[in-house]
Amino acid sequence: MTPTTPPLLAVEGLSVTFDTPDGTVAAVQNIDLAVAPGECVGIVGESGSGKSQLVLAILGLLAANGRATGRVRFRGTELFGARRVQLARLRGRALSIVFQDPMTALNPYLTIGTQMTEGLGHHLGLTGAAARARAVEMLARVQIPDAAARLKSYPHELSGGMRQRVMIATALLCRPALVFADEPTTALDVTVQAQILALLADLRRTDQMGLVLITHDLGVIAGLADRVVVMYAGRIVEAAPAEALFAAPRHPYTRALLESLPRLDGPADRPLPAIPGQPPDLRHLPRGCAFRPRCPLAVDRCAAERPRLRPAGGPTRSTACHLDLDLDLDGDGGGDGAIGSEAAP
Amino acid sequence: MIGYAVRRLIVAIPTLLIIIALAFFMMRIAPGGPFDQERSLPAQIEQNLRAAYHLDEPVWQQFGRYLGGLLRGDFGPSFKYRDFSVTELIAAGFPVSLQIGAAAILFAVLVGGGLGALAAVHQNRTPDHAAMAVATVGLALPNFVVAPLLTLCLGVYLDLLPVGGWGSPAQAVLPIATLALPQIATIARLARAGLVEVLRADYIRTARAKGLPGWRVLARHALYPAVVPVVSYLGPAIAAVITGSVVVETIFGIPGVGRYFVQGALNRDYTLVMGVVVLYAGLIIALNLVVDLVYGWLDPRVRYD
């Protein structure tokens, strides 16, 4: 967001912990995040990096053993102090979410129509034919053929891609001010994916809808996001405007993520680099930087001291790395070192 | 769905035939006969009696005669209650058994479902542990232990309820409670397990994300799927209540078909026992079919065709 726009959503110092039989696990730690009206913030990171739990915590939808602390303000209203009723009034109306797994996120016992229109009735008092008409219109916008007939269908009668589009349509029905989309296009073929992304872009323009896009598809991020937040082991390791981040990542992990993308302009026989090692076990995080065991540039200080998120490379960027990197993806200057292909064992 | 029901009923015919044949021949294998408890009769009179009831014919011929009667809806005369036909005895006893059985099932579904829901909503807290403790006791105690215990405590020591007989609503309380207890236990456990699983489901989170109030999420999204395993258990529950009522009716002196079944077996009242067996078998087959149809109607993923 630009400094002059008041944020739609402002998250400060958000942490999420889970009580497990093995003790308390910190899934998300000390996250700051802001989304302006019409802005799209992409959150990227490997599975288990805490991106989904971050979003669930903001919406108050954590599992029973999860606890969230910190401040979350939506249009200036504190959500964490908010009484349940107040959050319920925002949820589904002003704030909505597209869940990751379309196979399990729809109730198998209720028709698509019931599941789509119940929010309309609850929030907007729209019931019966008016609600159904709104649902059909939205289903058509997410490219569902024969939308009117689909309202009578049960989820098991639809393909995975159709269910995902139903989820997206349901989330958009009440014209929310802010949508969290957790891997919204993974089950879709590329044509439909492009149409859905175009629809989201459209709503951002016409409704000033804010969008938080969680994905590990960096291609989707590049096409849609204004800003990108990179998460690793529950923390933000880098935050930057999308263009700047793709042009010059400042954290070795971001760099490695970008390196592992296939590139059309690269040599065809170049082996696709992978990030060596595994994401760390959140119950036993290493001392110092969580990425250090997999980082080819690690120095002694990385093991001793955890790097804080600090401004780096301009006022709009920050990174959590001790090294002052200016990594250039093309590797032809300025970089303190190339990682990725050389790092593979 | 109608086609499915008709096919199920057609398949039920050989099942019913096998049950009838097994019961018929097992009764005949049991030592003794229907007239053994009479004062010793002159040989000629006993001979005449046996001839009157066709007991002098070969067993297979008697079986054929019995089946022929069944086809005409005739269960034959009772050997013991000589003034009554089996049809009349069942007509007198069945409404009584039906009342007790239906009340027990209803009671079990309401109390068991309520206990299970309470336990699931307060999972791993005191209400959950208390409800599951009650359920375990209910499962562990057989009805011939529960019935005397209830009679002693509520009937004899506290003098709150009559200990037997039939006619007033108060007299129905103990037998219904005895019959319902194990079903309450099983249904409570099923309902708890079903609801606990459903409450963890992704689609419940989706419903909460829509901003629906908690009671609405529970009522519309959670209870319905959680009810399905309970409904599918109702078939076995009905069978268990029917067999349980045989014991319970005898203990509490209730004039239902269950008591006729026990008396008929003791008296070698062949036709009475057979009549009750046919009734029970038909009832269980029919009610299981009803339960399956209801199950298919509840779960949109199950379609019979």
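This note goes through some features of a predicted model, point by point.

1. The four-stranded sheet. In chain A, 4 strands make an open sheet whose order is S2-S1-S4-S5, and the pairing is antiparallel. Strand S2 (23–35) and strand S5 (77–78) of chain A are at the edges with a single partner strand each, so one side of each has no neighbour in the sheet.

2. Inside that sheet. Strand S1 (residues 9–20) and strand S4 (residues 66–74) of chain A are joined by 8 bridges in the antiparallel sense. For a place to look, find Thr17(A), which stands opposite Arg67(A) in S4(A). Which helix lies across S1, S2 and S4 of chain A? It is helix H1 (residues 51–58) of chain A, and helix H1 runs at about 110° to S1(A).

3. Side chains of opposite charge can pair when their charged atoms come close. Glu12(A) and Arg73(A) form a salt bridge, with the closest N and O atoms 2.5 Å apart. This pair links distant parts of the chain: Glu12(A) belongs to strand S1 and Arg73(A) to strand S4 of chain A, and they are 61 residues apart. Glu12(A) is partly exposed at a relative accessible area of 35%, and Arg73(A) is partly exposed at 23%.

4. Other salt bridges. Over all chains the count is 20 salt bridges. One of them is formed by Arg71(A) and Glu78(A), where the closest N and O atoms are 3.2 Å apart. The relative accessible area of Arg71(A) is 41%, which makes this residue partly exposed; Glu78(A) is partly exposed as well, with 24%.

5. Arg283(A) forms a salt bridge with Asp281(A), and their closest N and O atoms are 3.2 Å apart. Salt bridges with shared partners join Asp22(A), Asp281(A) and Arg283(A) into one network. Arg283(A) has 43% relative accessibility and counts as partly exposed. Asp281(A), at 32%, also counts as partly exposed.

6. The eight-stranded sheet. Chain A also has an open sheet of 8 strands, with mixed pairing and the order S6-S7-S8-S3-S9-S10-S12-S11. S6 and strand S11 (310–311) of chain A are its edge strands, and each pairs on one side only.

7. Strand S7 and its partners. Strand S6 (residues 95–98) of chain A runs parallel to S7(A), and 4 bridges join the two. Ser96(A) stands opposite Val179(A) in S7(A), while Ile97(A) has Phe180(A) as its bridge partner in S7(A). S7(A) is also joined by 5 bridges to strand S8 (residues 210–214) of chain A, again in parallel. Here Leu178(A) has Gly210(A) in S8(A) as its bridge partner.

8. Burial of S7. Why is strand S7 (residues 178–182) of chain A described as largely enclosed by the rest of the structure? The reason is that 5 of the 5 residues of this strand are buried. Both faces of S7(A) are covered. On one side the buried residues are Leu178(A), Phe180(A) and Asp182(A), and on the other they are Val179(A) and Ala181(A).

9. Helix H10 (residues 252–259) of chain A lies across strand S3 (40–44), strand S9 (227–232) and strand S10 (235–241) of chain A. The angle between helix H10 and S9(A) is about 105°.

10. A surface patch on chain B. Leu152(B), Val156(B), Tyr157(B), Leu158(B), Leu160(B) and Val163(B) form a nonpolar patch on the surface. Together these residues have about 620 Å² of accessible area. Val156(B) is in helix H6 (residues 143–157) of chain B, and this residue is partly exposed with a relative accessible area of 48%.

11. Asn143 in chain B. Asn143(B) is also placed in helix H6 of chain B. Is Asn143(B) buried or exposed? Asn143(B) counts as buried, because its relative accessibility is 19% and the cut-off for buried is under 20%. Leaving out residues up to four places away in sequence, Asn143(B) touches Pro148(B), Thr178(B), Gly244(B), Val247(B) and Val248(B). Asn143(B) and Gly64(B), in contrast, are 37 Å apart in space from C-alpha to C-alpha, and 79 residues apart in sequence.

Technical notes: Residues are numbered from 1 along each chain as its sequence is written. Chains are lettered from A and ligands numbered from 1 in the order in which they are written. This is a predicted model: local features need pLDDT of at least 70, side-chain atom pairs count only at pLDDT 80 or more; totals for chains, interfaces and linings use all residues. Side-chain values use heavy atoms; hydrogens and water are left out. Two strands pair if DSSP finds at least two bridges between them. Contact means heavy atoms within 4.5 Å. Axes are lines fitted to C-alpha atoms, for helices over the stretch in contact, and angles run from 0 to 180 degrees between N-to-C directions. Patches are made of residues with over 30% relative accessible area and no salt bridge: like charges are joined within 9 Å, nonpolar side chains (Val, Leu, Ile, Met, Phe, Trp, Tyr) within 5 Å. Accessible areas come from the Shrake-Rupley method with a 1.4 Å probe; for residues, only the protein chains shown count as cover. A salt bridge is a side-chain nitrogen of Lys or Arg within 4 Å of a carboxyl oxygen of Asp or Glu. Buried means under 20% relative accessible area, exposed over 50%, partly exposed in between (1.4 Å probe, protein chains only).
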